[in-house]
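User: I would like to learn how to read a structure, one feature after another. Please give me the general idea each time, and then the case at hand.

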Amino acid sequence: MTDTPSFWRTKPLDAMSRAEWESLCDGCGRCCLHKLRDEDTDRLAFTNVGCRLLDGQSCQCKDYENRKKRVPDCVKLTPKRVAAIDWLPPTCAYRLLAEGRDLPWWHPLVSGSPETVHEAGVSVRGRTVPEREAGDFEDHVVAWPGRWPAGAKSRRRPG
Ligand code: SF4
Ligand code: SF4
């Protein structure tokens, strides 16, 4: 008997069902942080300021179904958009697959647990500043959302 290969290894992004597509999101919340773009250089900077609908502990959107109505500039990811946008964090499953890479050990589809994205230090849990308390976003520029945490880089779960 052979194991059925995981869908994300066999299907291109644009052939996935809605449920498969949604399940690719690891729940890290990194894409829900505000970003700043330098008008002159086009350079992008992440901040640790969360969108007003981001729950800083669960790392989930507080109103996912109505997010576009409540936050008009929230971007709904599609295969086409994933290929075109430059602000998805390097750990994002959509970006990884679009780049021809596999999902890491801490991705819930691989680990079987929604907690491993937090254990690996990939999620934004406990690291965000609420939008209404942030003041000037330029005071909140941080590098970590654009990086892989050390514990997340290994091919297998450490320990
Ligand atoms: S960065 Fe990617 S994987 Fe993480 S919450 Fe956003 S869409 Fe999901
Ligand atoms: S509206 Fe929800 S999904 Fe969109 S950026 Fe804000 S928290 Fe994230």
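User: Where does Val122 lie in the chain?

Analyst: Val122 lies in the loop between helix 7 (116–119) and strand 3. Keep in mind that this is a predicted model.

User: Is Val122 buried or exposed?

Analyst: To decide, count the other C-beta atoms around the residue; 20 or more within 10 Å make it buried. Val122 has 27 other C-beta atoms within 10 Å, so it is buried.

User: Which residues is Val122 in contact with, leaving aside its neighbours within four places in sequence?

Analyst: Those residues are Cys28, Thr91, Trp106, Val117, Pro149 and Ala152.

User: What about contacts in the chain as a whole: how many join residues at least 24 apart?

Analyst: Among contacts between residues at least 6 apart in sequence, 62% join residues at least 24 apart. Of the 159 residues of the chain, 22% count as buried.

User: How many helices and strands are there in the chain?

Analyst: The chain has nine helices and three strands. Read along the sequence, they follow the pattern α-α-β-β-α-α-α-α-α-β-α-α.

User: What is the order of the strands in the sheet?

Analyst: For a sheet, ask which strands pair and in what sense. Here three strands form an open sheet in the order 1-2-3, with mixed pairing. Strand 1 (33–37) and strand 3 (129–130) stand at the edges with a single partner strand each, so one side of each has no neighbour in the sheet.

User: In which sense do strand 1 and strand 2 pair, parallel or antiparallel?

Analyst: Strand 1 and strand 2 (residues 44–50) pair in the antiparallel sense, over four bridges. Within this pair, Arg37 stands opposite Leu44 in strand 2. The two strands form a hairpin, with six residues between them.

User: And in which sense do strand 2 and strand 3 run, parallel or antiparallel?

Analyst: Strand 2 and strand 3 run parallel and are joined by two bridges. Gly50 stands opposite Pro130 in strand 3.

User: Where is Asp42, and is it buried or exposed?

Analyst: Asp42 is in the loop between strand 1 and strand 2. It has 8 C-beta neighbours inside 10 Å and so counts as exposed.

User: What is the phi of Cys59?

Analyst: Cys59 has a positive phi of about 70° although it is not a glycine. Cys59 lies in the loop between strand 2 and helix 3 (67–70). With 24 C-beta neighbours inside 10 Å, Cys59 counts as buried.

User: Is Ser17 buried or exposed?

Analyst: Ser17 has 10 C-beta neighbours inside 10 Å, so it counts as exposed. Ser17 is found in the loop between helix 1 (7–10) and helix 2 (18–23). The C-alpha atoms of Ser17 and Arg157 are separated by 29 Å, and these residues are 140 apart along the chain.

User: How do I read the surroundings of a ligand? Which residues come nearest to ligand 1?

Analyst: List the residues around the ligand, then sort them by class. Of the 13 residues around ligand 1, Cys25, Asp26, Cys28, Cys31 and Cys92 come nearest. By class, the shell around ligand 1 divides into nine nonpolar, two polar and two charged residues.

User: Which residues surround ligand 2?

Analyst: Ligand 2 is surrounded by Cys32, Cys51, Leu53, Leu54, Cys61, Arg67, Val71 and Cys74. The classes in this shell are seven nonpolar, no polar and one charged.

User: What radius of gyration does the chain have?

Analyst: The chain has 16 Å. A compact globule with 159 residues would have a radius of gyration near 15 Å, so the chain agrees with that value. Taken along the principal axes, its C-alpha atoms fill a box of roughly 60 × 35 × 35 Å.

User: Where in the chain is confidence lowest, and where is it highest?

Analyst: Where pLDDT is low, the predicted coordinates should not be read in detail. In this chain, confidence is lowest in helix 9 (residues 150–153), at a mean of 88, and highest in strand 2, at 98. The mean pLDDT of the chain is 95, and 98% of its residues reach 70 or more.

Notes: Residues numbered from 1 in each chain as written. Chains lettered and ligands numbered in written order. Predicted model: local features only at pLDDT ≥ 70, side-chain atom pairs only at ≥ 80, totals over all residues. Near = placed C-beta within 6 Å. Nonpolar A, V, L, I, M, F, W, Y, C, P; charged D, E, K, R; others polar. Pairing = 2+ DSSP bridges. pLDDT = per-residue confidence, 0-100. Buried ≥ 20, exposed ≤ 12 C-beta atoms within 10 Å, placed from the backbone. Contact = placed C-beta atoms within 7 Å. Rg over C-alpha atoms; globule rule 2.2 N^0.38 Å.
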